[in-house]
Amino acid sequence: MSTDAEGVVAAAARDAALEAEASALDVADPLRSFRGEFVGAETSLVYFDGNSLGRPPRATGERLERFVTEEWGGRLIRGWDESWMQLPFAIGDTIGRVAMGAAPGQTAVGDSTTVLLYKLVRAAFDAQRAADPARVEIVVDRDNFPTDRYLVEGIAAERGGRVRWIDVDLRRGVDATALEAAVGPETAVVVLSHVAYRSGYLTDAASLTRIAHDAGALILWDLCHSAGSVPVEADAWGFDLAVGCTYKYLNGGPGSPAFAYVAARHQANLAQPIQGWMGAADVFLMGPEYRPADGMRRFLSGTPPILGMLAMQDTLAMIEEAGIGAIRAKSIALTEFAVRVADELLAPLGVEVASPRDPALRGGHVTLSHPAMREVTAALWEQDVIPDYRDPGGLRIGLSPLSTSFGETLAGLRAVEGAMPR
Ligand SMILES: *Cc1c(COP(=O)(O)O)cnc(C)c1O
């Protein structure tokens with residue numbers, strides 16, 4: 001046989017072995033039946049972006065329709081008294097229970113992630129500085145998500161504080177050594193992501209929380225890339241504050257409102273800056289001045305987006321049924337498989353894995369790096385293979401444990417192989 005022909009035979013054998021492995025993993029997957037619960041999972045489209053916008057659950061269409069006809073259409077304004085006033089806290093408690101290790105009364109669904117981050121970081125900064133005027137710094141890393149960095153800079157400027165930046169390796173994230181060097185007697189608040197949006201690096205949130213506390217600081221965890229994918233133990237790990245997205249692994253739909261967690265011990269001391277009637281002690285008293293409600297209600301501002309918080313309930317029910325531990329186990333299996341397939345199919349084409357190789361240090365996505373990835377992403381979208389692109393040269397492979405199969409993962413990575421420049 002010629003060398004070329006041998007190469008073709010070897011590639012076919014390799015592909016067949018990978019196919020067999022993906023089907024064996026799918027057959028053995030205890031969560032495999034959940035995939036069928038998502039719209040579009042029956043098609044050949046490959047979705048690698050559930051960490052940016054999760055697929056809709058099938059049950060959601062019916063839930064929305066029922067809401068329009070029965071609750072909104074039937075109950076009309078009575079709906080507020082009957083359930084909608086409490087919905088931000090009821091769903092918040094569910095998120096706390098199924099995904100966050102948070103006891104009831106500490107989590108609420110409200111505004112966008114950005115707005116909730118603003119409200120909580122500012123409240124924490126003000127409380128810390130009032131207690132100790134030397135505490136004027138907000139610590140954040142240079143590779144945190146843009147909105148987190150931008151609004152920390154805005155709060156520092158508006159309140160006469162300072163930003164203390166942590167430099168990080170873009171293929172990793174903030175570790176204990178980096179945080180220890182950044183915090184001290186001037187730190188008011190630390191703002192970190194639990195899972196880095198670019199590399200997928202998973203921080204040790206319990207240890208980092210301890211480091212912040214040892215320095216007298218409060219810490220706010222951004223859980224956007226962990227909620228619904230990586231277990232969090234907010235109470236046990238001593239979190240002060242947290243905020244997270246619901247349209248990523250919680251499948252709440254485009255623009256679904258975020259959740260905020262405020263540890264019970266802090267609630268009475270924190271005053272958030274957007275004082276609106278829905279956060280007031282007696283909403284319908286409509287009194288002459290703002291008096292904040294007790295508990296989580298004080299972190300609301302205006303009328304909560306009820307329609308936007310309907311869909312996430314279907315995924316929360318699935319998470320409760322599957323268990324976040326089993327979801328994490330599948331997430332690790334999916335990312336391990338993706339890394340191994342990437343090593344086999346894509347490394348020979350110059351692609352590098354730009355995420356941690358140790359699953360204990362990795363969240364639910366894997367970033368593959370090559371200078372051509374921007375063009376490769378555009379070509380893949382044309383073929384119904386949908387990852388996303390993040391500079392520099394990063395193709396993000398998001399693997400949503402409830403809706404992604406091993407077969408889908410393999411099909412997508414083979415499409416990446418086919419789209420790479422030769
Ligand atoms: C997705 C994401 C956000 C998004 O904020 P929005 O206000 O919902 O647009 C914020 N922070 C992180 C870390 C994210 O991954």
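This is a short tour of a predicted model, stop by stop.

Local features are described at pLDDT of at least 70 and side-chain atom pairs count only at pLDDT 80 or more, while totals for chains, interfaces and linings use all residues. Residues are numbered from 1 along each chain as its sequence is written.

**Stop 1: the two domains**

Select 3-57 together with 323-419: that is domain 1. Then select 61-310 for domain 2. These bounds come from an automatic or database domain assignment. The domain centres, taken over C-alpha atoms, are 31 Å apart. Domain 1 puts 27 residues into the contact and domain 2 puts in 22. Residues are in contact here if their C-beta atoms, placed from the backbone, lie within 7 Å.

Now colour helix H11 (324-346) and strand S10 (365-369). Each supplies at least two residues of the side of domain 1 that touches domain 2. H11 gives the most to that side, 5 residues. Helices (H or I, at least four residues) and strands (E, at least two) are DSSP runs, numbered from the N terminus.

**Stop 2: the open sheet**

Follow 4 strands in the order S9-S10-S13-S12; they form an open sheet with antiparallel pairing. Two strands pair if DSSP finds at least two bridges between them. Which strands stand at the edges? Select S9 (352-353) and S12 (388-390): each has a single partner strand, so one side of each is left without a neighbour in the sheet.

Zoom in on S12 and S13 (394-398). They are antiparallel, with 3 bridges. Arg390 has Gly394 in S13 as its bridge partner. Bring H11 back: it packs on the sheet and touches S9, S10 and S13. The direction of H11 makes about 15° with that of S10. Axes are lines fitted to C-alpha atoms, for helices over the stretch in contact, and angles run from 0 to 180 degrees between N-to-C directions.

**Stop 3: the ligand**

Show the ligand. How many residues surround the ligand? There are 13, and the closest are Ser112, Thr113, Thr114, Phe145 and Cys224. A residue counts as near if its C-beta atom, placed from the backbone, lies within 6 Å. Helix H5 (113-131) and helix H6 (146-159) are the elements giving two or more residues to this shell.

**Stop 4: strand S6**

Finish at 218-222, strand S6. Are its residues buried or exposed? 5 of its 5 residues are buried, meaning 20 or more other C-beta atoms within 10 Å of their own, with C-beta atoms placed from the backbone. Leu218, Leu220 and Asp222 lie on one side, Ile219 and Trp221 on the other. Val190 stands opposite Ile219.

Technical notes. Two residues are in contact if their C-beta atoms, placed from the backbone, lie within 7 Å. A residue is buried if 20 or more other C-beta atoms lie within 10 Å of its own, exposed if 12 or fewer, and partly exposed in between; C-beta atoms are placed from the backbone.
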